[in-house]
Amino acid sequence: MKIYQPYGLGDCLDLLSELPQAETVILAGGTDLMPRYEQGKVLPEHLINIKHLADLQGITETENGAEIGGLTTIETLRRSGLIHRDYPALWQSTEQFAGVQIRNRATLAGNIANASPAGDTLSPLYLYHAKLKLMSRHATRTIRLEDFIAGPGETTQERGELIHSIILPRVTGSSCFYKLGLREAMAISVVNYALRYSQSAGELTDLEITAGAVAPTIVFLDALTTAVLSGETNSTVWRALIGQDIAPIDDIRASADYRRKVLGRLITHHLQNLGVVCHE
Amino acid sequence: MLHAEKTEWFELEVTVNGQKIKQAIPMHLRLLDFLRETLRLTGAKEVCGEGECGACTILLNGKAVNSCLIFAAESHGGTILTIEGLQTASGLNDVQQSFIDDHAVQCGYCIPGMILSVEEFLKHSPHPDREKIRHALAGNICRCTGYQKVVDAVENTAKKR
């Protein structure tokens, strides 16, 4: 195995386009890649360590929202006043993300590229309608996050492409993130969800909910939110509607049945106590 | 030590505990193995080997990281602090001394990692409450102490600083 450590974006994109794709892996934070490498599940001939690319670092406030460099670490997001103020659901997901040793290395683009259904930043990023700026030697394109993630560990990333940055539009209303793990710290989500709403004169005017670890990708609970916005208040109906948009599985952390039940109960409780649980 | 037959070599330059080191290493060598096997700095421990337990925590460029999840080559040009480099000319540093004074150490295996996490944490949060301390140590697992005395030690270090 050979490790390449480019300092310039151009050099990195050249490497990505020239090295044989099947034997080349991008190394960002490495927190997911290293265990898989040690177990022999990923054995690249060529490893491109992109950590030195200054162009992919940092959080910028833009006219329409924010742009986050792909290499921005989870800990940097957690310490960002901008993220805390404007994207509280994303901020809350970083607060509950592993321990500091992982957060100091793990990157936002890495969490996206891994495309785990339980990736903690993904429910908030879907909720905020994040887009990705993807760069290759020949082209730059911007796509919606939900068009990038295709399934567990699968993306529509093309040969030679690198996630340059994550673009977040300006958000209205209140939002928050909830994660249920098997313990409070260092836990992978059994279920998680992110929720955003607006109210006017005590009436709900806007509501969106995304849920993680209950389907092959993050899902929008559109059946539920449409009904709630139309005045449906029966929580039994709510739970049935949540069921329409999710497809949980049994795994080492929980059964499909438990996931369905617990997500229904948590979201019902949340919607009945919006102002308290998801405060301004 | 997997896949050694495919390995290429890398000329690593890194500062460890204040000392500049230049050493040819295999590209696949983990930072933890470089510290323990090559440099014989055995303070950082391997327990889980997958970033769950924090026993291999060191400071890389001032930040607490799991040295089991990093290739040594990634530390090229960087600065590393291990538990061996923490004590000053006058003896143990204050976090180390507090862990002893507050009986926060039992078997001791997790302690080098704990102390380095605390080192970084107190730089960002000089006056933390107990809940913040617990949150900061979420990545360091201890199976002896029950954490109570560890939290006492961190709280007392902060008070004395």
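This report looks at two meeting places in a predicted model: one between chain A and chain B, and one between two domains inside chain A.

**Where the chains meet**

Let's start with the two chains. On one side, 31 residues of chain A take part, and they are in contact with 34 residues of chain B. Together the two chains bury about 2900 Å² of area, and carbon and sulfur atoms give 55% of it. Within chain A, the residues that lose the most area to chain B are Met1(A), Met34(A) and Gln101(A), which together make up 23% of what that side buries.

The rule finds 1 salt bridge across the interface of chain A and chain B. In the model, Arg105(A) forms a salt bridge with Glu74(B), with the closest N and O atoms 2.9 Å apart.

Which parts of chain A each supply at least two residues of the side that touches chain B? They are strand 1 (2–4), helix 2 (33–38), strand 3 (46–49) and helix 6 (100–103). Sorted by class, that side of chain A has 13 nonpolar, 10 polar and 8 charged residues.

**Inside chain A**

Now turn to chain A on its own. Chain A is divided into domain 1 (2–49), domain 2 (54–169) and domain 3 (174–277). The centres of domain 1 and domain 2 of chain A, taken over C-alpha atoms, are separated by 19 Å.

Between these two domains of chain A, 16 residues of domain 1 are in contact with 18 residues of domain 2. The area buried there is about 1400 Å², with 57% given by carbon and sulfur atoms. Leu9(A), Leu13(A) and Thr31(A) supply 35% of the area that domain 1 of chain A buries against domain 2 of chain A, more than any other three residues.

The rule finds 2 salt bridges across this domain interface. Elsewhere in the list of pairs, the side chains of Arg137(A) and Glu18(A) meet in a salt bridge at 2.9 Å, N to O. Six is the count of residue pairs in polar contact between domain 1 and domain 2 of chain A. Helix 1 (residues 9–18) of chain A gives the most to the domain 1 side, with 7 residues.

**Side by side**

| Interface | Buried area | Carbon and sulfur share |
|---|---|---|
| Chain A and chain B | about 2900 Å² | 55% |
| Domain 1 and domain 2 of chain A | about 1400 Å² | 57% |

Notes. Residues numbered from 1 in each chain as written. Chains lettered and ligands numbered in written order. Predicted model: local features only at pLDDT ≥ 70, side-chain atom pairs only at ≥ 80, totals over all residues. Heavy atoms only, no water. Contact = heavy atoms within 4.5 Å. Buried area = accessible area lost by both parts, 1.4 Å probe. Salt bridge = Lys/Arg side-chain N within 4 Å of Asp/Glu carboxyl O. Helix = DSSP H or I, 4+ residues; strand = E, 2+ residues; numbered from the N terminus. Nonpolar A, V, L, I, M, F, W, Y, C, P; charged D, E, K, R; others polar. Domains from an automatic or database assignment. Polar contact = N/O pair within 3.5 Å; in protein donor to acceptor, adjacent residues only side chain to side chain.
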